[in-house]
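This report goes through selected features of one protein model.

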Amino acid sequence: MVALYPAVEPYDSGFLGVSDGQVLYWERVGNPAGTPVVYLHGGPGSGCTPGMRRLFDPNAFRAVLFDQRGCGRSRPLADDPGVDLSTNTTAHLIEDIERLREYLRIDRWVVAGASWGVTLGLAYAQRHPDRVIGMALGAITTGTREEVEWITRDMRRVFPREWERFVEPVPDGERGGNLAAAYARLLAHPDPAVRENAALRWCEWEDTHVSLAPGWTPNPRYHDPAFRMVFARLVTHYWGRDHFLADNQLREGMDRLTGIPAVLVHGRHDVSGPLDTAWELSRLWKSSRLVVVDDGGHGGGSFTDQLIAAIDSFG
């Protein structure tokens, strides 16, 4: 039984203009006098949902949630190849987080996030360690080429039939290369039918490679064609360019987080992000604590309970 906190509405919300004509949606929930915490959603491109508000004790935390560039309620929405993604990079997102912190007049905050939000959170914390009280991170990723190759190619050994369907739209000459980048090109194709098929196939694979978690069911968010297009465009944009990070950049920068406390939560059945990534990061980060969720994958089981407990430890 997932012990989510009761549903709450934001006590404050708005839109913040940042750089390059981008406008971010943000909201605050909980106790205006509570410990400040920012939540970084996954994807890239998932956006925040009302359910994410329930990760935070409304009496203990002043939680800030926002939709990253190009997704959710932020604008412009990355739902069309005419929307330029050249100013949607990890460096831009780090700047956005800092702009939001300054706008909300928060000196230091806890950084929480899941999946891609972990990679972004680590990149932000390494750039601004003096602004981080602690970190509560779930489904650990570090944005390496190795991780992307595992998800897009190596997992064909686990899901061979589904992988054949996944690569079917990719031209033969590109199947041995960077599959995320190949999909990004399909999603920029002038023919809408090609783009829509690519978004559908990408999201089918996304739904497949998290499916070893006990009790897994397909995610209904992929039924929405607009969500599929935004999500697929942003994920392939980032994955195809190694998340705009040098290889192993985050692992090699862990000394910048020395002394910052963290709880790392990871599901043992997470086939899309094998446990060794979380294990290796915890070994590099002496002030972190790794929690392995034996009944969870990329979510599921008691994963959410453990992530909430990790967040609560900073309240």
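## Basis

Buried means under 20% relative accessible area, exposed means over 50%, and partly exposed is in between, with a 1.4 Å probe and protein chains only. The model is predicted, so local features need pLDDT of at least 70 and side-chain atom pairs count only at pLDDT 80 or more, while totals for chains, interfaces and linings use all residues. Residues are numbered from 1 along each chain as its sequence is written, and side-chain values use heavy atoms, leaving out hydrogens and water.

Helices (H or I, at least four residues) and strands (E, at least two) are DSSP runs numbered from the N terminus. Contact, or touching, means heavy atoms within 4.5 Å.

T142 is in the loop between β6 (132-138) and α3. Its relative accessibility is 3%, so T142 counts as buried. The side chains of T142 and E147 are joined by a polar contact of 2.4 Å. A polar contact is a pair of N or O atoms within 3.5 Å; within protein, one must be able to donate a hydrogen and the other to accept it, and residues adjacent in sequence count only if both atoms are side-chain atoms. Not counting residues up to four places away in sequence, T142 touches T119, L122, E147, L245, L250, R251, T277 and L281.

A nonpolar core is a set of buried Ala, Val, Leu, Ile, Met, Phe, Trp, Tyr and Cys residues joined through side-chain atoms within 4.5 Å. The largest has 65 residues, of which L122, M135, W202 and W285 touch the most other members. With residues up to four places away in sequence again left out, L122 touches M135, L137, T141, T142, L250, L257, L281 and W285. A second, separate core has 26 residues, among them L55, V110, A139 and F314.

Helix α5 (residues 179-186) is mostly covered, with six of its eight residues buried. These are L179, A180, A181, A182, Y183 and L186. Their cover includes α3 (145-152), α4 (160-167), α6 (192-208) and α7 (225-239).

## Cis peptide bonds

A cis peptide bond, with omega about 0 degrees, joins G43 and P44. P44 is in the loop between β3 (35-40) and β4 (61-66), and counts as buried at 2% relative accessibility. Apart from neighbours within four places in sequence, P44 is in contact with W116, F231, L234, V235, Y238 and W239. P44 and H237 are 193 residues apart in sequence, yet 8.9 Å apart in space, C-alpha to C-alpha.

Another cis peptide bond joins R75 and P76, also with omega about 0 degrees. P76 is in the loop between β4 and α1 (90-103).

## Positive phi

Most residues other than glycine have a negative phi, and most peptide bonds are trans. D20 has a positive phi of about 65 degrees although it is not a glycine. D20 lies in the loop between β1 (12-17) and β2 (23-30), and is partly exposed at 44% relative accessibility.

F244, also not a glycine, has a positive phi of about 60 degrees. F244 lies in the loop between α7 and α8 (249-252), and its relative accessible area of 30% makes it partly exposed.
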